[in-house]
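The following exercises concern side-chain interactions in a protein chain. Each task is followed by a solution in steps.

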Amino acid sequence: MNSIKKGILVITLLVSQICLAQVSDDLMLYRQDFKKISGTNTVSVTSYEKDGSHYVFAGGIGNVDVYRLDKTGTLTPISNHELHMKKGPARGMVADNINGTDFLFVANKHGNVIETFKILDNGSLERVALVEDTDDTHLGTAITLQVVHMKKSSFLFIGGLEETPGLSSFKIEDDGKLTHVQSMKDNETIHTDGIIGMFVHKIKGKTFLYTGGFQDNGVSSFRVYENGTFKNINNISDNTTDRYLTGTYPVTGVTLGNNNYVIVGHRHHKYYKRGGFIKRPDFVYHGDGVSVFKVTKKGALIPHSVLKDDENTKLQGQTRIEVVSTDNNEAVLAVGTRDDESIQLLKLNKDGVLSPINYLETGYSIYYGLRSHKIGDDNFLIAGSFRFDLGKIVSYKIAPKTNRDGKVLRHMVNLTYKEDATEEQVNKAVDAFVNLKNEIPEIANLEWGLNDSTEGHSKGLTHCFTLTFNDEHAREIYLFHKAHLDLVNKIGPIIADVLVLDYWTK
């Protein structure tokens, strides 16, 4: 290759890297769809691609809902499946292929069992195995699952909470049944009391598992062997200065260049109000942050960097961290929060340093229910609402942020009431709609009026309500606000038709 061609290639690569950096620095979430769930609330969400189709599994109290996800982010309900003893909630759900068969593994938290479902051709589920807790397996209050593939076999690692904390390994048989391999009871050294996050790194032919201990306030690393057994390597505890591990919660990881990283979030114990639940109530609160650990060649964790929460980020009560995308130089992460009720996008560069991108206030708390999924070139996030009064699962597309500077959002609701609706019912419905302005502060303005068009293109719609929001966060909060949901439930029975239009304007 001559020098001119080499120069052109170098310039092209540099421009490409600059463009990628600019895009990742200004990504945003855009809601695509939302659907009802059949359970009480959504606790866990996972996804899976099978034969070119994409499926989402939402686990709550009592059952698991299945949806198809298309390339636009639209969710189509397929089926729902009752959990063992109608218990739950479904936690730690993970879907994977074991020797040619697709399975969904579910930790039934209060059923004290691990359930194996076969994923059928249309995405629906068929239970094929059930493993109950024993005195030796630490499956009571099971909350987190992690599949670990070795050369000849695959294993399911299980983390527990509360009365019987510890870490267990089971061999996954070809029919989905689980055979117990090893269990390690929690002690004062390892951080396995309340494993709410696990991640696997494979480094130079060796497999390492990383766990976060919610009650232990720390992270641990383990070496996993070919037969599914494991041993502890090192453990890192919280402190009161520069570590943010009190209530260690989500755990994930990435490989950038020659560096392997583990990223750990936490929901601080100060956010828990239930008396007696936190085993070590003498904690010190010094803020919220996301911690990055570098992995040594021997699989040990070393504290590396921290992104501390401030007025420009939404990191209070981190419950899930998902890797949205990654290349050799950087990774884009999404952090779901229960207390900030937001999804925060972050960038991790190859040096292992986190920086904030953008966030979206979702209008609902997220409790473990966040999942990234890619279809073609598009990245999506599927989030589950943890509010008992909401009962929704929501899809978002991750795309470059649209410039909305100097603009406001108009939200137009055009509707007509049923012919048998009385004048009193209609008046009360209008009053209730107008009163939303007093109940939802995010509504900057609200006006309404009766249709006065004589052109004959009103499609029978009689009432028009126009709401103004100052940003996309306000619209999300309004959409899932309790007052709005109460209004929909109240006036829904007398509405004959509705048309909703949104637009941005100066």
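Predicted model: local features only at pLDDT ≥ 70, side-chain atom pairs only at ≥ 80, totals over all residues.

**Exercise 1.** Classify the ring pair of F34 and F480, and state where each residue lies in the chain.

*Solution.* For F34 and F480, the ring centres are 5.5 Å apart and the planes are at 80 degrees. Planes over 60 degrees apart count as edge-to-face, and the pair is therefore edge-to-face. F34 belongs to strand β1 (residues 27-36), whereas F480 is in the loop between α4 and α5; the two are 446 residues apart. With 30% relative accessibility F34 counts as partly exposed, while F480, at 1%, counts as buried.

**Exercise 2.** Identify the residues of helix α5 that are buried, and the elements against which they pack.

*Solution.* Helix α5 spans residues 482-491, and its buried residues are A483, H484, L485, L487 and I491. These buried residues pack against α2 (423-434), α3 (436-439), α4 (472-479) and β32 (495-505).

**Exercise 3.** Describe the salt bridge between E476 and R31, and name the network to which these residues belong.

*Solution.* The closest N and O atoms of E476 and R31 are 2.8 Å apart. Because E476 lies in helix α4 and R31 in strand β1, the pair ties together parts that are 445 residues apart in sequence. E476 counts as buried at 3% relative accessibility, and R31 counts as partly exposed at 25%.

A further salt bridge joins D102 to K50, with closest N and O atoms 2.6 Å apart. D102 is in strand β7 (residues 101-108) and K50 in strand β2 (residues 42-50), so this pair ties together parts 52 residues apart in sequence. D102 and K50 are both buried. As for the network, salt bridges with shared partners join R31, R475, E476 and D502.

**Exercise 4.** Which ring does the charged end of K270 sit over, and which ring does R274 lie over?

*Solution.* The charged end of K270 sits over the ring of Y285, 4.4 Å from its centre. R274 lies over the face of F277, at 4.2 Å from the ring centre. F277 also belongs to a cluster linked by ring pairs, together with F214, Y249, Y272, Y367, F386 and F388.

Methods
Residues numbered from 1 in each chain as written. Heavy atoms only, no water. Buried < 20%, exposed > 50% of the residue type's maximum accessible area, 1.4 Å probe, protein only. Helix = DSSP H or I, 4+ residues; strand = E, 2+ residues; numbered from the N terminus. Contact = heavy atoms within 4.5 Å. Phe/Tyr/Trp six-rings, centres within 6.5 Å; stacked < 30°, edge-to-face > 60°. Lys NZ or Arg CZ within 6 Å of the ring centre and 35° of its normal. Salt bridge = Lys/Arg side-chain N within 4 Å of Asp/Glu carboxyl O.
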